[in-house]
Amino acid sequence: MRQCQGCGAVLQSGEAGRPGYLPQHILENRGKALCQRCYRIRHYGRDELGPVAEKKASEAVMQAAASAEAVIMVVDLMDFEASLSWDLIRSCRHTPLIAAVNKADLLPAKTRHREVMDWIRKRFSELGITALPALVSAYTGEGVDDLRYFLEALEHRRWLVAGASNSGKSTLINGLMQHQSSGDAATVSRFPGTTQDTVSWEDCRLGRFTDSPGLIPAGRLCDMLPQEHAVAFIPDQRLQGKVYPFAAGSSMAVKGCAFAESLAAGSDTVAVGFTASNAVWQRSSCDNRSYWLEPTPGSFPGFSDFRAVELDVGAGQEVLVHGLGWLAIRRHDCRIRLTVPSGVKYTLRQNLIGGRRHGAGR
Ligand SMILES: Nc1nc2c(ncn2[C@@H]2O[C@H](COP(=O)(O)OP(=O)(O)OP(=O)(O)O)[C@@H](O)[C@H]2O)c(=O)[nH]1
Ligand SMILES: [Mg+2]
Ligand SMILES: [Zn+2]
């Protein structure tokens with residue numbers, strides 16, 4: 001059985017519309033090979049087959065986790081709680097778990113990474129996760145050498161790299177392996193569900209790294225959209241905060257996705273809407289809620305069903321809407337009514353950015 005070096009799919013020449021396809025005459029060549037889908041993703045930026053099936057991905061990961069000596073769980077810092085893979089965490093009760101918290105390059109330039117690491121440690125402890133954290137940017141390579149040294153000290157030889165889809169597992173593998181040629185690399189793309197099956201590389205110092213298909217955590221807004229529209233919601237730009245007054249009666253929205261109304265708050269309360277994607281928090285008006293929950297004509301297909309919740313958000317806290325972005329409240333505690341598509345999860349947490357400074361102003 002030969003696998004595509006890029007995505008792990010079993011190579012075949014029988015069906016062009018299925019994963020792992022390669023025309024017969026190319027398949028007959030010996031050595032490492034890339035499937036047609038990987039070739040097209042890399043050269044034309046198109047994924048014509050779509051994502052790996054959710055069930056197949058999770059079976060492959062759980063099976064690989066059972067035989068790994070240690071698991072490197074990749075977490076997307078821009079969608080932190082939403083990209084935690086709880087099934088994976090639970091399956092690692094007896095396996096060393098390292099959390100590579102990725103996409104640090106998307107933090108605002110002035111952010112102190114030491115403070116972010118403190119935030120991550122505190123968050124893991126609040127959530128009861130016993131993982132050794134590392135802050136990295138697989139894309140820029142920042143923190144990846146430190147991660148290598150860290151892994152070397154742990155002295156394991158079989159590492160599984162796993163986590164939510166699009167968190168940057170394949171990019172991290174490429175950073176850790178420092179491939180000699182791009183043909184040896186794992187396929188990376190902005191489309192969720194790129195890696196199809198587990199696939200491994202040998203590193204002479206650290207041992208075997210296994211890439212794996214992305215798990216789909218429940219409740220991410222971006223996963224509820226067709227793949228071609230989901231990419232607009234995937235963090236790939238430096239994190240931006242839109243600051244607006246948020247006294248009672250004010251509201252903010254991400255058009256077509258989320259609507260937050262301030263029900264009770266001090267007169268100089270401020271809200272900061274954070275996203276690292278094409279979605280943007282905007283100031284809106286409470287009397288025009290239905291307008292803000294309809295998508296812009298010609299953009300992504302809208303959501304038909306929404307649910308509203310009322311939340312007490314303290315000054316210095318924020319609400320993450322999974323797969324979208326978050327809304328931070330500053331200066332005063334605030335009661336908000338948050339409306340999001342049915343099935344989309346939210347998490348209340350302490351501020352990731354400037355948390356200590358902004359929580360103190362009550
Ligand atoms: N800005 C930034 N983007 C990153 C980083 N790591 C990965 N990405 C981008 O995130 C997207 C997904 O990266 P992949 O490495 O394919 O993610 P994956 O977890 O392997 O995804 P699946 O195989 O689909 O589960 C790509 O567009 C990458 O360029 C990072 O550190 N910073
Ligand atoms: Mg991948
Ligand atoms: Zn492939």
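**Exercise 1. How many residues of domain 1 are in contact with how many residues of domain 2?**

Before you start: this is a predicted model, in which local features need pLDDT of at least 70, side-chain atom pairs count only at pLDDT 80 or more, and totals for chains, interfaces and linings use all residues. Residues are numbered from 1 along each chain as its sequence is written, while chains are lettered from A and ligands numbered from 1 in the order in which they are written.

Solution.
- Step 1: find the domains. Domain 1 covers 50-217 and domain 2 covers 240-359; these bounds come from an automatic or database domain assignment.
- Step 2: count the contacts. Two residues are in contact if their C-beta atoms, placed from the backbone, lie within 7 Å. Nine residues of domain 1 touch nine residues of domain 2 in this sense.
- Step 3: look at the classes. Ala, Val, Leu, Ile, Met, Phe, Trp, Tyr, Cys and Pro count as nonpolar, Asp, Glu, Lys and Arg as charged, and the others, Gly among them, as polar. On the domain 1 side that touches domain 2, that gives five nonpolar, one polar and three charged residues.
- Step 4: check the spacing. The C-alpha centres of the two domains are 29 Å apart.

**Exercise 2. Work out which residues come nearest to ligand 1, and which helix gives the largest share of its shell.**

Solution.
- Step 1: list the shell. A residue is near a molecule if its C-beta atom, placed from the backbone, lies within 6 Å of it. There are 24 residues around ligand 1, and Y139, G168, S170, T195 and G214 come nearest.
- Step 2: sort by class. The shell holds 13 polar, six nonpolar and five charged residues.
- Step 3: name the helix. Helices (H or I, at least four residues) and strands (E, at least two) are DSSP runs, numbered from the N terminus. Helix α7 (residues 169-177) supplies three shell residues, the largest share.

**Exercise 3. Decide whether α7 is mostly covered, and find what its buried residues pack against.**

Solution.
- Step 1: apply the cut-offs. A residue is buried if 20 or more other C-beta atoms lie within 10 Å of its own, exposed if 12 or fewer, and partly exposed in between.
- Step 2: count. Eight of the nine residues in α7 are buried, among them K169, S170 and L176.
- Step 3: find the partners. Those buried residues pack against β1, β2, α6, β4, β5 and β6.
- Step 4: look just past the helix. Q178 there has a positive phi of about 45 degrees.

**Exercise 4. Is S85 buried or exposed?**

Solution.
- Step 1: locate S85. You'll find S85 in the loop between β1 (70-76) and α4 (86-91).
- Step 2: count neighbours. S85 has 25 C-beta neighbours inside 10 Å, so S85 is buried.
- Step 3: name contacts. Beyond neighbours within four places in sequence, S85 touches residues including M73, A162 and L215.

**Exercise 5. Which strands stand at the edges of the five-stranded open sheet?**

Solution.
- Step 1: write the order. The sheet runs β7-β10-β14-β13-β16, with antiparallel pairing. Two strands pair if DSSP finds at least two bridges between them.
- Step 2: find the edges. β7 (240-245) and β16 (346-350) each have a single partner strand, so one side of each lacks a neighbour in the sheet.
- Step 3: zoom in. β13 (residues 317-321) and β14 (residues 325-330) are joined by four bridges, and E318 has A328 as its bridge partner in β14.
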